[in-house]
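This briefing goes through one protein structure topic by topic. Keep the sequence and the 3D view open while reading.

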Amino acid sequence: MSDDTQLPDGVDESEREAFEAWLGNGNEADADEFRDAYAGEWNTLGEYCEEMFDERELQSVWYYIDFDLMARDWQLNGDIWAERTIGGTYHVFRNY
């Protein structure tokens with residue numbers, strides 16, 4: 001997909017790189033499926049895991065968790081997949 005290729009309705013130009021990663025992982029060009037799976041762009045996968053705990057108000061366990069290792073486990077278990085960007089951040093996608 002090049003910069004002049006039209007994105008499907010529901011996918012914003014600012015999400016082009018993430019959508020290309022989505023397509024490159026063998027997914028269909030379905031904006032709804034992309035939207036359901038795309039968790040956003042994160043500096044590290046550990047930050048993504050930490051945010052998931054924060055959203056669920058589980059801060060009391062933070063001191064006991066290595067979020068980077070948890071992110072690795074989530075990837076190995078197939079719960080998430082991520083595509084590293086040229087800038088070094090990650091586009092994170094959920095597999096549930």
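Tyr-63 sits in the loop that runs between helix α3 (45-55) and helix α4 (67-77). The model is predicted. The points below begin with the surface around this loop residue, then turn to charged pairs and to a pair of strands.

**Nonpolar surface patch**

- Tyr-63 has a relative accessible area of 78%, and it is classed as exposed because that value is over 50%.
- Tyr-63 belongs to a nonpolar patch on the surface, together with Leu-58, Val-61 and Tyr-64.
- The accessible area of these four residues together is about 520 Å².

**Salt bridges**

- Side chains of opposite charge can pair when their charged atoms come close.
- The structure holds three salt bridges.
- One of them joins the side chains of Glu-13 and Arg-16, at 2.7 Å from N to O.
- Glu-13 is partly exposed, with 48% relative accessibility, whereas Arg-16 is buried at 6%.
- Another salt bridge is formed by the side chains of Arg-35 and Glu-15, with an N to O distance of 2.7 Å.
- Arg-35 is in helix α2 (residues 31-37) and Glu-15 is in the segment before α1 (16-24), so this pair ties together parts that are 20 residues apart in sequence.
- Arg-35 is partly exposed, with a relative accessible area of 35%.
- Glu-15 has a relative accessible area of 15%, and it counts as buried because that value is under 20%.
- A further salt bridge links the side chains of Asp-73 and Arg-72, at 3.5 Å from N to O.
- Asp-73 is partly exposed at 37% relative accessibility, and Arg-72 is partly exposed at 46%.

**Strand pairing**

- Strand β2 (residues 80-84) pairs with strand β3 (residues 90-94) in the antiparallel sense.
- The pairing of β2 and β3 runs over five bridges.
- Which residue in β3 is the bridge partner of Ala-82? The partner is Val-92.
- β2 and β3 form a hairpin, and five residues lie between the two strands.
- Gly-88 is in the turn of this hairpin and has a positive phi of about 95°.

Note on methods
Residues are numbered from 1 along each chain as its sequence is written. This is a predicted model: local features need pLDDT of at least 70, side-chain atom pairs count only at pLDDT 80 or more; totals for chains, interfaces and linings use all residues. Side-chain values use heavy atoms; hydrogens and water are left out. Patches are made of residues with over 30% relative accessible area and no salt bridge: like charges are joined within 9 Å, nonpolar side chains (Val, Leu, Ile, Met, Phe, Trp, Tyr) within 5 Å. Accessible areas come from the Shrake-Rupley method with a 1.4 Å probe; for residues, only the protein chains shown count as cover. Helices (H or I, at least four residues) and strands (E, at least two) are DSSP runs, numbered from the N terminus. Buried means under 20% relative accessible area, exposed over 50%, partly exposed in between (1.4 Å probe, protein chains only). Two strands pair if DSSP finds at least two bridges between them.
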